[in-house]
Amino acid sequence: MASTTGQDTPLVGRGNRDGARMFREWFDQLTEAAGAGRGGAYVFVMGSLGELLRTFDLPLVFPEINSLQTAVRHVAHEYLNQAEDYGYSPDICGYVKADVAAQLRSGALPMGRIPKPLIAVHTNACNTYIKWAEIWERMYGCPVVTIDVPGSRAAGRLTWPGDPAFEHDRRYVAAQIRELIPLLERVTGVRFDVDRLRENMKHANALSRGWQQVLALNRSRPAPFNALSDGTIFLGVANAYRGTEAGARYFADLVEEMEFKSARGIGTASAEAYRLLFVGVPCYPLFRRFTEMFGELGGNFVHSTYLWFASGGANTGYQCPLEDPIEGLAEGLLIGVRDAMDSMFFHTGPLLTMAKEFEADGVVYHPIKSCRTVSTGLADSRRALMQAADIPSLFIESDMMDRRVVSEAQLKNRIDAFFEGLASRRHQAAIGR
Ligand code: SF4
């Protein structure tokens, strides 16, 4: 079936349009809360516990998302410079510095204003989370809670519900959630309502199910969405609207759109000569241009590890049991955060599977200066991939926030050379060498 962009069909592009609108609405709500002097819950994408925090009527603030928005909107350098002048090192996570500058500006960001933290809740999925939350503790004296989620002890050695090791871990996480609840009651003055939690978890389950289906639909040829550009919009909704009816509905609609595109051979705006996988965090200072540099040469990102770890494990589609919501929430958090950590630290095996399932022609590794959690070890992981499979890969370095270390010309040179290699390889295969 011929590929078309299908721009004349109302269903096509609905996910991007609705996603952008919902994102604006979410930020408007934050601005309104800030204006009214209400505090928010500061959380992170890898294990936000949005389902629980919403039962206390807390506006959710995702500092990682706010920070990346400054880069997409080309003002990140102003925030980074301010934080560095204040004393933060150029070496540390750029998201942290943009957030510090936003706090110094009373929460002012390009999209609006964020409320101050009433409480910060985070997991140990990234070590930076722990030090980052301490900044808010120092600035505002707000309570900071770290939920310690046990990760995989080794690649591919997962345990599941019913296994004694898993049950120990789940009890450990559930005990921490039980300790968190009275603290949330104290800081918000709202009584915990287990039925509201169950309802929110139902929505989160529906959202995860939809996210998993959407990702799987990108196996189609051509892939109905670009994992870097479109995928990031979907990811924003998956995080900001987790545990809400609107989030669940959005993903049901998105499944419908992707099924529609997939059934009719409707791909992305650029032709898909090469199907690529992306490993790492996107280059937000050149967000659109980065994808274009691949698209112009026929490259389309069909999947990425980012869509796993930055969804906090929603990609697994895992359905939290609802009979005992706290135990179910602990189980979902354990599985989701563990999966997010595995997709950063142990991704070689799953990448090989992904390459096969998505019929990938190449893998693009994108280590970045200011996120060591994701970038450390990527060179070794690339070597392991190349030893295990005959699949071309590209290793390009830049940053997710700091335009001082992003060179479009250098990236373009490397990308052009990579595509020459892909073309030559295809030619050799065609002539049977
Ligand atoms: S995962 Fe990377 S970008 Fe995210 S908070 Fe940790 S260091 Fe920063």
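A cavity is a set of grid points where a 1.4 Å probe fits but cannot get out. The model examined here is predicted. Rolling a probe the size of a water molecule over the atoms shows where empty space is left.

By this rule, one cavity of 30 Å³ or more is counted. The largest cavity holds about 230 Å³ of space. Its lining is made of 24 residues, and Glu51, Arg242, Gly312, Gly332 and Leu333 are the closest to its centre. Three helices each give at least two residues to this lining: helix 8, helix 9 (229-240) and helix 13. Helix 13 provides the largest share, with five residues. By class, the lining of the largest cavity has eleven nonpolar, eleven polar and two charged residues.

The second largest pocket was examined next. Its volume is about 570 Å³. The lining of this pocket also counts 24 residues. Nearest the centre lie Trp308, Asn315, Thr316, Asp339 and Pro350. Helix 8 (194-217), helix 13 (325-345) and helix 14 (348-357) each contribute at least two lining residues. For this pocket, the largest share again comes from helix 13, which supplies five residues. Twelve nonpolar, seven polar and five charged residues make up the lining of the second largest pocket.

Leu104 belongs to helix 5, which covers residues 94-104.

Charged side chains were considered last. Side chains of opposite charge can pair when their charged atoms come close. The count comes to 27 salt bridges. Three of them are described here.

Arg21 is partly exposed, at 33% relative accessible area.

Another salt bridge links Glu359 and Arg221, at 2.7 Å from N to O. Glu359 sits in the loop between helix 14 and strand 9 (362-366), while Arg221 sits in the loop between helix 8 and helix 9. The pair therefore ties together parts that are 138 residues apart in sequence. Glu359 is partly exposed, with a relative accessible area of 42%. Arg221 is partly exposed too, at 49%.

A further salt bridge is formed by the side chains of Asp402 and Arg404, at 2.8 Å from N to O. Buried means under 20% relative accessible area. Asp402 has 4%, so this residue counts as buried. Arg404, in contrast, is partly exposed, with a relative accessible area of 47%. The pair also belongs to a network, in which salt bridges that share partners join Glu84, Lys97, Lys369, Asp402 and Arg404.

Key. Residues numbered from 1 in each chain as written. Predicted model: local features only at pLDDT ≥ 70, side-chain atom pairs only at ≥ 80, totals over all residues. Heavy atoms only, no water. 1 Å grid on protein atoms, 1.4 Å probe; cavity = no way out; pocket = protein on both sides within 12 Å on 5 of 7 lines; lining within 4 Å. Points joined across faces, edges and corners; volume = space filled by probe spheres on them. Helix = DSSP H or I, 4+ residues; strand = E, 2+ residues; numbered from the N terminus. Nonpolar A, V, L, I, M, F, W, Y, C, P; charged D, E, K, R; others polar. Salt bridge = Lys/Arg side-chain N within 4 Å of Asp/Glu carboxyl O. Buried < 20%, exposed > 50% of the residue type's maximum accessible area, 1.4 Å probe, protein only.
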